[in-house]
Amino acid sequence: MFRNNYDNDSVTFSPQGRIFQVEYAQEAVKQGSVVVGIVSKTHAVLAALKRNAEELSSYQQKIIPIDAHYGLALAGLASDARVLSNFMKQQSLASRLTYDRPIALADITARIGDRAQTNTQQYGKRPYGVGLLIAGVDARGPHLFEFQPSGVTQEMVACGIGARSQMARTYLERHLESFESSSRDELIKHALRAVKESLSQDKELTLDNTSLAVSGVDEPFKLYEGEEVVNFLETTFERREEGDEGQAAGEGMEVDS
Amino acid sequence: MNHFPEAWGRPRDDIYGSYNPQFLPNSHAQQSGHPTTHTQSPIVTGTSVIAVKYKDGVVIAADNLASYGSLARFTDVHRLKPFNKKAVVGFGGDVSDMQYLDRLLNSLDVKENYSHGHDDAESDKALMSAKNLHTYLSKVMYKRRSDFNPLWNALLVCGLSEDGTPFLASVDLLGTTFSAPTLATGFGAHLAQPILRRVVPDEAASKALDKEAAVAAVKECMKVLFYRDARSMNEYSIAVVDKSGVDLKQKEKLEGQSWAFAEQIKGYGTQTV
């Protein structure tokens, strides 16, 4: 009855000046599970919550290492992210072959930005339904870039995208000042805590559903999953859980008396 | 022996039949029925380029002459081309191919500045280094030789690598790369390289060499090249690349020449022994 006439393709503006296909694609990003990225003066960290379609299935990959110096975290359609990441891998390799240098993060981000934008401008094409956080270290230091289906790219100090990511962003905004001078370990803790903020009540970060990636000046991009994240999870949440328990016990005593 | 240069290096007609031009692209199918070959030999040429690495940079020099065969045709051709603040490329060989490469490097520089051009210390670190440039040029040269359309040059690429250490390497028309503390192309490889190696026998010696000594060695070599290379002239360009950037002088004159040795030379030319 009130069918939207302006969302059939990505080349038609609505009378309000909107392109609905692009906005729908941005909704796809919000359906994906949360990913968080932070940079300090020396490191760039990505943390992600992995989802499994069902109890018996494996978990969807959320962080893709691209080159020795950087990688990305995705929220949205994983298959679109794979297309983009394959393109990024090719471009990164081309840079190493023709110039013998690791590609600049600003460069590669601009390239996928351009690619995504042309998809919003050609009839018969659709925007990519995925948001990316691209993090790593290049000749000009650590960087974090956010990529959106519209082709918009921005450099960020910290960023969270995906389902319920507002909670993560609130956490990040609260601790914004401390990121720049954070150590590697502190940065990892912040990233994991930000992800935890976005979790629904019945969920918890475990070795199965947590992905973490770190890169730093003179430290290649490395993805930590499974057993390798156990240590990070323990050191990050140990103190908080103790605190929570202590508080709970205290409250219990008060109720008793 | 067959006296037609056209036939040299080709399968003999009397054995293999004449060349079949059928598959040549239209643009190449001329009356001769042979592939285009004018891009496969140099026309206007520059002679040697020489360079030395010293403890905090590189010195490079080449004279300003472009010869048309043995004719000293152009005397104001600058064969050292600076690239951003970190590198200089010295061109030997065909001058038109040098001009093509120069335009290529200019467009590369524009592209580089467009994508991350800020004029601050932080951005200087991300500038394309001499090493990056050398890798790029080696791929260009190798691609062109693989197309059977080589750029008829011998290049020296010098400057600083990403970590700020002096860098010097060569590429030739085949895409062959080579690196050493001292390098010379063309006739210089025979006349100047031995002199430079006496000053800088190895990497360690180059780390101990100061700028003045390096410049003096290069100037001495330019003089020897002018004495003995018949395609050279007494005006040359010399550049020093170090942390402070590129210092390029394009109108240097040879100093302190002494042709006394020439009287001793006998056995050719107009004299009768």
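1. His69(A) sits in the loop that links β3 (63-67) to β4 (70-76) of chain A. Strands here are DSSP runs of E, at least two residues; helices are runs of H or I, at least four; both are numbered from the N terminus. This is a predicted model, in which local features need pLDDT of at least 70, side-chain atom pairs count only at pLDDT 80 or more, and totals for chains, interfaces and linings use all residues. Residues are numbered from 1 along each chain as its sequence is written, chains are lettered from A and ligands numbered from 1 in the order in which they are written, and side-chain values use heavy atoms, with hydrogens and water left out.

2. His69(A) counts as buried because its relative accessibility is 9%. Buried means under 20% relative accessible area, exposed over 50%, and partly exposed in between (1.4 Å probe, protein chains only).

3. What does the side chain of His69(A) make a polar contact with? The partner is the side chain of Arg96(A), at 3.4 Å. A polar contact is a pair of N or O atoms within 3.5 Å; within protein, one must be able to donate a hydrogen and the other to accept it, and residues adjacent in sequence count only if both atoms are side-chain atoms. Not counting residues up to four places away in sequence, His69(A) touches residues including Pro102(A), Val137(A) and Phe221(A). Contact means heavy atoms within 4.5 Å.

4. Now the interface. Nine residues of chain A are in contact with 16 residues of chain B. The two chains bury about 1,100 Å² between them, 47% of it on carbon and sulfur atoms. Tyr99(A), Arg101(A) and Arg140(A) supply 55% of the area that chain A buries against chain B, more than any other three residues. Buried area is the accessible area (1.4 Å probe) that two parts lose on being put together, summed over both.

5. Two salt bridges are counted between chain A and chain B. Lys131(B) forms a salt bridge with Asp100(A), with the closest N and O atoms 3.5 Å apart. The criterion is a side-chain nitrogen of Lys or Arg within 4 Å of a carboxyl oxygen of Asp or Glu. Helix α2 (residues 78-99) of chain A gives the most to the side of chain A that touches chain B: three residues.

6. In chain B, Asn84(B) lies in the loop between β6 (80-83) and β7 (87-94). Its side chain reaches the backbone nitrogen of Lys86(B) at 2.8 Å. The Asn84(B) side chain also reaches the backbone oxygen of Met128(B), at 3.0 Å.
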